[in-house]
Amino acid sequence: MSDGMAWIATGWLLAFAGVNAALYATWWRCTRDERTFLKDVLAAGVDPIQAAWWLGASWDNASPQQQRYAAEVTVRLLILAGDAEVDEAGRITVPRGRLGTQKDPVRAALVTTLRRHKGATVYEVLEDSRFARFRKALRSRRPPLRSEFGTYRTPSLTAALVTAFGLSLHAMITRCPVPGLPSRDPGIWTTAWIPLWAVLAALAVIWPAGTSRPWPRFTRHCRAAVTRALADEDSHTRHLVSVVSSSTPPDRRTPPRATSSRPADSPSRSDRTAPRHDLDDVADSDTYDGGSDSGDFGGGE
C-alpha cells in the first residue's frame, strides 16, 4: 500500500470510527438516569409487579411496559396470598371475612377496591373508572425505562456507506490502485467499494435494532422475579386470570330500542294515505278513548 493510500484509508476509517464514538456518547448521556435506576433496582431486588410491567406478557419478545400484564400479576399475587379468589367466570372477589394482609400499596389498593365493589374481572379493573385509584398506584411501579433501544444503527449504517464510497472515490481521483491486487488500474475502485461497504456495515449492525427491547440483563432478572413470586401458583388459576378474566368484557348489553325516528303519536306515510275504514266505527262508539290510538297510528311500542 502506498503512503497516499494509507493516509486516505486512515482518514476515512477514523471518520467512521468517530461517528460511532459520537453515537455511543449520545447513548451514554441519554441513558444516564436509566442506568442509575437499573443499578439501584438490581442491587435491591426486582419487585414482581415492576418486573411484570417491563416484561409486558408471559411470553418472550412481548412489547414492554404493558399495564395489562402488571394488573394480571398483581391479581395472581393476591390470589396466591389468599387475599382474593377467582371463580370459573373469571370474577375476582375478596373472601368473606378476609381483612387483607397486604402491606404493598398497589396490592392493598386493589384489595380495598375489590371489597368495596363486590369483585370484578381483570378487564373491569383495567377499564372501569371505579378502579382508577388502583391503576394510579399501579402506574407508579412502571420502570422509568425506554421501550425501544433507539435509532443508532441507521446512522452507523449510513456512515458505513458514506465511508466506503467516499474512500473509494478519493482513492480513484488520486489514482491510487486497490491494495492487494496485481492490477494498478484505479478504475477497479468502482466495484471495490462494495465489499468494503459490506465489511463496515457488518460492524455497524453491532448496534441493536431501533425497535428492539433494551436492557436484556434487566429483562432476565424480571423474568426470574415473576417466576419466583408465582412459583406456587396452579395452572388453572393462571388460566382463569390471564385468559378468562382478562379477555372477557362484562355483559353490558342494553334492551333493543325502537328504530323508528317518528314521534309516538305521528302517523306514518302509509297511514296518512290509506283509506280510514274504521272512522265510522269510532264515531259510533260511546267508549272511545283518545289516548289509546298510538298503536293504530304506527308510533307506539
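In the lining of the largest pocket, 5 residues are nonpolar, 5 polar and 4 charged, where Ala, Val, Leu, Ile, Met, Phe, Trp, Tyr, Cys and Pro count as nonpolar, Asp, Glu, Lys and Arg as charged, and the others, Gly among them, as polar. The model is a predicted one, in which local features need pLDDT of at least 70 and side-chain atom pairs count only at pLDDT 80 or more, while totals for chains, interfaces and linings use all residues. Residues are numbered from 1 along each chain as its sequence is written, and side-chain values use heavy atoms, with hydrogens and water left out.

The largest pocket holds about 210 Å³ of space, and among its 14 lining residues Ala 57, Ser 58, Trp 59, Tyr 69 and Glu 72 lie nearest the centre. Helix 4 (67–81) and helix 11 (235–247) each give at least two residues to this lining, with helix 4 providing the largest share, 4 residues. A pocket here is an open set of points on a 1 Å grid over the protein atoms alone, where a 1.4 Å probe fits, with protein on both sides within 12 Å along at least five of seven lines; lining residues have an atom within 4 Å of a point. Helices are DSSP runs (H or I, at least four residues), numbered from the N terminus.

Leu 23 lies 6.6 Å from Tyr 152, C-alpha to C-alpha, although the two are 129 residues apart in sequence.

Note on methods:
Points joined across faces, edges and corners; volume = space filled by probe spheres on them.
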